Amino acid sequence: MAYDDDNVFARILRGEIPCKKVYEDEQVLAFHDINPQAPTHVLVVPKGKYVSMDDFTAKASDAEIAGLFRAIGRIARDFGAEKTGYRILANSGAHAHQEVAHLHVHIFAGRPLGPMLVRR
Ligand code: AMP
């Protein structure tokens, strides 16, 4: 899938629409999810134009990949989430119900998060 420059996270990265920023560095921007599913629900977005985890792991530089995962750990610690535990999640593609086609990693914390997936 080609990258769409008008996706909502591209517009947030360009400053065209606001976000509740929690962290930013050379590689990533992180902000609160607009519809939180847990007391802490942060989205960590690489600044590069990557549609999904598949696209990112195929094309991103080692520095971008390290930067994303370093940032995830740092943000989780900033929220104290490592003390009681947290979950990271990156939906990629249709079966995962990815809604925004710019890679983003969710960080959920602040309550027991239940089973990993709904059982069918
Ligand atoms: P996903 O289903 O993994 O693609 O998740 C997309 C997430 O983006 C959802 O949790 C939405 O609530 C969140 N979201 C959509 N628009 C915004 C926005 N403008 N600011 C913050 N989060 C957003």
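Me: Which residues touch the most other members in the largest nonpolar core?

Reply: Keeping in mind that this is a predicted model, the largest nonpolar core has 15 residues, and Val44, Leu68 and Ile75 touch the most other members.

Me: And which elements give two or more residues to that core?

Reply: They are strand 2, strand 3 (40-46), helix 3 and strand 5 (105-109), and of these helix 3 gives the most, with 4 residues. In general, nonpolar side chains tend to be buried together in soluble globular proteins.

Me: Let's stay with helix 3, then. How many residues does it have, and how far does it reach?

Reply: Helix 3 covers residues 62-78, which is 17 residues, and from its first C-alpha to its last it reaches 24 Å, close to the 24 Å expected at 1.5 Å a residue.

Me: Which of the residues in helix 3 are buried?

Reply: The buried ones are Glu64, Gly67, Leu68, Ala71, Ile72, Gly73, Ile75 and Ala76. As a general point, an α-helix has 3.6 residues a turn, so residues three or four places apart point the same way.

Me: Changing topic to rings: how many aromatic pairs does the structure hold?

Reply: The structure holds 2 aromatic pairs. One of them is Phe9 with Phe31, an edge-to-face pair at 5.5 Å centre to centre with 70° between the planes. This pair links distant parts of the chain, since Phe9 sits in helix 1 (residues 8-13) and Phe31 in strand 2 (residues 28-32), 22 residues apart. Both Phe9 and Phe31 are buried.

Me: What about Tyr50 and Phe56, how are they arranged?

Reply: Tyr50 and Phe56 also form an edge-to-face pair, with 5.2 Å centre to centre and 75° between the planes. Tyr50 is buried, at a relative accessible area of 10%, and Phe56 is buried as well, at 1%.

Me: OK, now the ligand. Which residues come nearest to it?

Reply: There are 16 residues around the ligand, and those that come nearest are Asp33, Asn91, Glu99, His104 and His106.

Me: Which atoms of Asn91, Glu99 and Val100 lie by the ligand's oxygen atoms?

Reply: For Asn91 it is a polar side-chain atom, which lies 2.8 Å from an oxygen atom of the ligand. For Glu99 it is a backbone N or O atom, at 2.6 Å from a ligand oxygen, and for Val100 it is likewise a backbone N or O atom, at 3.1 Å from a ligand oxygen. Taken on its own, the ligand has 510 Å² of accessible area, and the protein covers 85% of that.

Me: Now some loops. Where is His97, and what is its phi?

Reply: His97 is in the loop between strand 4 and strand 5, and it has a positive phi of about 60° although it is not a glycine. His97 counts as exposed because its relative accessibility is 63%, and the cut-off for exposed is over 50%.

Me: Where does Ala90 sit?

Reply: Ala90 is also in the loop between strand 4 (86-89) and strand 5, and it is partly exposed, with a relative accessible area of 30%. Ala90 lies 17 residues from Ile107 in sequence and 9.2 Å from it in space, C-alpha to C-alpha.

Me: And Ser52, buried or exposed?

Reply: Ser52 is buried, with a relative accessible area of 10%, and its place is in the loop between strand 3 and helix 2 (53-59). The C-alpha atoms of Ser52 and Ala101 are separated by 6.6 Å, although the two residues are 49 residues apart along the chain.

Me: Last one: what about Glu26, buried or exposed?

Reply: Glu26 is exposed, with a relative accessible area of 70%, and it is found in the loop between strand 1 (21-24) and strand 2. From Glu26 to Ala10 there are 16 residues in sequence and 15 Å in space, C-alpha to C-alpha.

Notes. Residues are numbered from 1 along each chain as its sequence is written. This is a predicted model: local features need pLDDT of at least 70, side-chain atom pairs count only at pLDDT 80 or more; totals for chains, interfaces and linings use all residues. Side-chain values use heavy atoms; hydrogens and water are left out. The expected span of a helix is 1.5 Å times one less than its number of residues. Buried means under 20% relative accessible area, exposed over 50%, partly exposed in between (1.4 Å probe, protein chains only). Rings of Phe, Tyr and Trp (its six-membered ring) pair if their centres lie within 6.5 Å; planes under 30 degrees apart count as stacked, over 60 as edge-to-face and the rest as tilted. A residue is near a molecule or strand if one of its heavy atoms lies within 4 Å of it. A polar contact is a pair of N or O atoms within 3.5 Å; within protein, one must be able to donate a hydrogen and the other to accept it, and residues adjacent in sequence count only if both atoms are side-chain atoms. Accessible areas come from the Shrake-Rupley method with a 1.4 Å probe; for residues, only the protein chains shown count as cover. A nonpolar core is a set of buried Ala, Val, Leu, Ile, Met, Phe, Trp, Tyr and Cys residues joined through side-chain atoms within 4.5 Å.
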